[in-house]
Amino acid sequence: MAITEDPSELTHDDLPELLKNDTSVKVGGTDIDGMIRGKLMSKKKFLSIAQSGFGFCSVIFGWDMHDQTYFKELKISNAANGYRDILAEVDLSSFRRIPWEKDVPFFLCSFREPEGQSLSACPRSLLERQCEKIEAKGMGALAGAEYEFFTFRAPQAHHASTANDERNSSATATFLKTNPVNDLPHLEEGMFGYSLTRPAHNPDWYYGIYDTCIKFRCNIEGWHTESGPGVYEAALEYGEIKQMADRAALFKLAVKNTSSKYGITPCFMAKPRQGLPGNSGHVHVSLVDPKTQKNLFARETPDENAAYPDLKHLSDLGRHFLAGLLDGLPDVMPIVAPTINSYKRLVENFWAPVTVSWGLEHRAASIRLIAPPTAPPKGTRFEIRVAGADANAYLVYAAILALGFRGIEKKMEIPIPPLGKGQDVGGKADKGARLAKSLKEATERFARPESVAREVFGDEFVDHFAGTREHEVRLWDEAVTDWYVPPNAVPLCRVTLADLIDREVKRYIETV
């Protein structure tokens, strides 16, 4: 077997041969917001730390994605502990080469406590801990992800020191410092979902994204325009849940870096434009027997006496899993909707769920059950449709597994009937509770002492993540927007609504 054919079989003894023609290696791990933070190191340095791990500044868990330290110091990284180092543990099975950087080798890391224990706030570690729970019960998990994102044409950056003007995402960030977001042109105009013509306008970029994702091992299964100006959607290749979370994070990295080279700025913000649908980050999950790969949500024979016809083909274990999701969803909303802007997407009549709801093949519900007769038994799964493209995939998958496993352990019963076809979400027929309407409301419920989140994740993670969301809320509370300024006032200095949108947009166009 060639060393690079199956990275899951790599050993530390293989590394000198694997990297024989390289001079450097890139490594990175995911922070709480889903951004991959890392560095380039010499091959000599990498080989010396590949087995033991290396020190990484914990401040990446002490500041937001603009490197602004949280207003309330949190346990992992703070002034009192000197913003200590934590341990970055290299995962050899994550090996790939970066196509847009001359195929430099790349490895993902999980962050640990200095003594080696799992770090409570590390998103990758949180998912690992949830997987350990189901694996101890003889189960495995498969997952998929679908990401929508807007695309904008980057403006030209005029530099006196260079003869060539640059068009990339850095130029976009510079442009937004002095121009409103609405001045940024879409890659294409109009509403053209599933168009076979629009991608032909930018074929090098369109096929470049697809090919790059193959080379970067975050393969795309389906790739098309969505409804909206310059909006695209990618369905990533279904697979083992931990690997799927890696691919989801790396997909965003690949899209941002590749697009920038074409003078295109992608935006995974949940709601970039008023009056248009937002960017979803729908995720699919199923449980399997790891030995046989048999789908554990599929029922052997149809249940003609099921409480609801929608459950006819869903196993008892699947029903308990669904019940756990429905019961705990309101308590993990900051995970699936993590920003102030997330809640601009979760409003009525914009193809986004707003209540605790479910239904067989129901795309208006929070949880869509996919099962026979519209899918084969092996394809039985749940699609969680609340999450936006701005969510951290590691945390979302961890939440789904944690809530579903809790439902299985407690043998929970489904608390509400399915949402009927044609019924309005949030209408009189919708028996599900309204989900949080703001990050502040969601975080308060997430952090309360009796929260389901505390039960499944533990206090350390909840306290940390709640603190990071409280930081976001405080920044919003302190901002003065156009909504608060009388139209006839001429203030000397103010923060405008455009400034706040700019801040959100910049969060999702920066590449790290």
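1. Partly exposed here means a relative accessible area between the buried limit, under 20%, and the exposed limit, over 50%. Cys57 falls in that class, with a relative accessible area of 33%. The model is predicted, and the remarks below should be read with that in mind.

2. Cysteines. How many disulfides are there? The count comes to zero. A disulfide requires two cysteine sulfur atoms within 2.5 Å. For Cys57, the closest cysteine sulfur belongs to Cys109 and lies 15 Å away, so the two are too far apart for a bond. For Cys213, the closest cysteine sulfur is that of Cys218, at 3.9 Å, which is also too far for a bond. Cys213 is buried, at 1% relative accessibility, whereas Cys57 is partly exposed.

3. The open sheet. Five strands make up an open sheet with mixed pairing, in the order β2-β1-β5-β4-β3. Its edges are β2 (36-42) and β3 (54-57), each of which pairs on one side only. From one strand to the next, the twist averages 40°. Strands β1 (residues 24-30) and β2 run antiparallel and are joined by seven bridges.

4. Backbone: a cis peptide. Which peptide bond is cis, with omega near 10°? The bond from Pro372 to Pro373. Pro373 sits in the loop between β13 (367-370) and β14 (381-384).

5. Backbone: positive phi. Asp103, a residue other than glycine, has a positive phi, near 60°. Its place is in the loop between β4 (85-98) and β5 (104-112). Asp103 is partly exposed, with a relative accessible area of 41%. Glu361 also has a positive phi, near 50°. Glu361 is found in the loop between β12 (358-360) and β13. With a relative accessible area of 22%, Glu361 is partly exposed.

6. Helix α11. In this helix (residues 439-447), the buried residues are Leu439, Ala442, Thr443, Phe446 and Ala447. Viewed down the axis of α11, they fall within an arc of 120°, so they line one face of the helix. Where does their cover come from? It includes the helices α8 (333-336), α9 (342-345), α12 (452-457) and α13 (459-478).

7. The largest nonpolar core. In soluble globular proteins, nonpolar side chains tend to be buried together. In this model the largest nonpolar core has 108 residues, of which Phe251, Phe382, Tyr397, Phe457 and Phe461 touch the most other members. Helix α10 (residues 393-409) gives the largest share of this core, 13 residues.

8. Surroundings of Phe251. What is Phe251 in contact with, once its neighbours within four places in sequence are left aside? The residues are Tyr147, Phe149, Cys213, Cys218, Ile220, Ala234, Leu236 and Phe268. Two of the names, Cys213 and Cys218, are the cysteines whose sulfurs are 3.9 Å apart, too far for a bond.

Key: Residues numbered from 1 in each chain as written. Predicted model: local features only at pLDDT ≥ 70, side-chain atom pairs only at ≥ 80, totals over all residues. Heavy atoms only, no water. Buried < 20%, exposed > 50% of the residue type's maximum accessible area, 1.4 Å probe, protein only. Helix = DSSP H or I, 4+ residues; strand = E, 2+ residues; numbered from the N terminus. Pairing = 2+ DSSP bridges. Axes fitted to C-alpha atoms, helices over the stretch in contact; angles between N-to-C directions. Arc of directions from axis to C-beta. Contact = heavy atoms within 4.5 Å. Core = buried A, V, L, I, M, F, W, Y, C linked by side-chain atoms within 4.5 Å.
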